[in-house]
Amino acid sequence: MQRPAVVVLGLVGLLVAAAVVLQTGLWVEVLGTGEYEEGTVTVREGSDAVTTTATQPSTDASTPGTTVAVREKNAGEPLGTVEVRIAQTFDQRYVGLSNTESLGPNEGMLFVHDEAGQYTYVMRNMSFPLDIIFIDANGTITTIHHAPLPPEGTSESGLTGYAGRGKYVLEVNRGWTNRTGVAVGDRVDLPPEAT
């Protein structure tokens, strides 16, 4: 009679431990996220013209090598550029910029989902506030959130969700979209590495 009880308790303990590992994201630290690809992204104000340029990947692993350029309507001149890493796998998207100490004024991350849909992002383990930019499969910006840091000690379940529709999400320092004039309806040209 004691043996089945011990087995059941052992299985319950194992399930609880697995749930904790999945909930906290510890599995990512064990398995890793893999290497991030790099490429070039261009954003234009409401323009239908599309131009994609490429940059060489950075040889310094600490510096991303993908450029995001924002262009004025019909002028083709950039409003701003951002060097980004591309997060394409589930693990890379889950970790994102978490545990990143800071970004330079023109650095960020481009998240690529398998298909367009409704997605929600949170500020998990973040050290700085972000602009979170949702981009539809056709390259149109659908939503922009200005996400502050969560209050210290906020639990995973207490994090604010920033929802939007798209296939891509661009995260940059908070205020970047205000500074550059990037707005909903602007167009984004994506690098071949992200499509």
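1. Buried means under 20% relative accessible area and exposed means over 50%, with partly exposed in between, for a 1.4 Å probe and protein chains only. Of the 195 residues of the chain, 41% count as buried.

2. On the basis of the note: this is a predicted model, in which local features need pLDDT of at least 70 and side-chain atom pairs count only at pLDDT 80 or more, while totals for chains, interfaces and linings use all residues. Residues are numbered from 1 along each chain as its sequence is written, and side-chain values use heavy atoms, with hydrogens and water left out.

3. The chain has four helices and eight strands. Helices (H or I, at least four residues) and strands (E, at least two) are DSSP runs, numbered from the N terminus. Read from the N terminus, the order of elements is α-α-β-β-β-α-β-β-β-β-α-β.

4. Contact means heavy atoms within 4.5 Å. Among contacts between residues at least 6 apart in sequence, 71% join residues at least 24 apart. The chain exposes about 10,500 Å², of which carbon and sulfur atoms supply 54%; accessible areas come from the Shrake-Rupley method with a 1.4 Å probe, and for residues only the protein chains shown count as cover.

5. A salt bridge is a side-chain nitrogen of Lys or Arg within 4 Å of a carboxyl oxygen of Asp or Glu. Side chains of opposite charge can pair when their charged atoms come close. A search of the whole structure finds one salt bridge. Arg-124 forms a salt bridge with Glu-156, and the closest N and O atoms are 2.9 Å apart. Arg-124 lies in the loop between E4 and E5, and Glu-156 in the loop between strand E6 (141-147) and strand E7 (162-173), so the pair ties together parts that are 32 residues apart in sequence. Glu-156 is partly exposed, with a relative accessible area of 32%.

6. Phi of Asn-125 is near 55 degrees, a positive value in a residue other than glycine. Asn-125 is partly exposed, at 47% relative accessible area.

7. Rings of Phe, Tyr and Trp (its six-membered ring) pair if their centres lie within 6.5 Å; planes under 30 degrees apart count as stacked, over 60 as edge-to-face and the rest as tilted. The count by this rule is three aromatic pairs. In one of them, the ring centres of Tyr-121 and Phe-134 are 5.8 Å apart and the planes stand at 90 degrees, so the pair is edge-to-face. This pair links distant parts of the chain, 13 residues apart, with Tyr-121 in strand E4 (residues 107-121) and Phe-134 in strand E5 (residues 130-135). Phe-111, Tyr-121 and Phe-134 form one aromatic cluster.

8. Is Phe-134 buried or exposed? Phe-134 is buried, with a relative accessible area of 0%, and Tyr-121 is buried too. Phe-134 and Arg-165 are 31 residues apart in sequence, and their C-alpha atoms are 6.3 Å apart in space.

9. Ala-116, in strand E4, is partly exposed at 27% relative accessibility. With neighbours within four places in sequence left aside, Ala-116 is in contact with Asp-136, Ala-137, Arg-165, Gly-166 and Lys-167.

10. Pro-191 is in the segment after strand E8 (187-189) and is buried, with a relative accessible area of 0%. Pro-191 and Ile-86 are 105 residues apart in sequence, and 9.7 Å separates their C-alpha atoms.

11. Two points concern exposed residues. Leu-14 lies in helix H1 (residues 2-24) and counts as exposed at 58% relative accessibility. Val-7, Leu-11 and Leu-14 form a nonpolar patch on the surface, with about 300 Å² of accessible area together. Patches are made of residues with over 30% relative accessible area and no salt bridge, like charges being joined within 9 Å and nonpolar side chains (Val, Leu, Ile, Met, Phe, Trp, Tyr) within 5 Å. Asn-99, in the loop between helix H3 (90-95) and E4, is exposed at 61% relative accessible area. Asn-99 has a positive phi of about 65 degrees although it is not a glycine.
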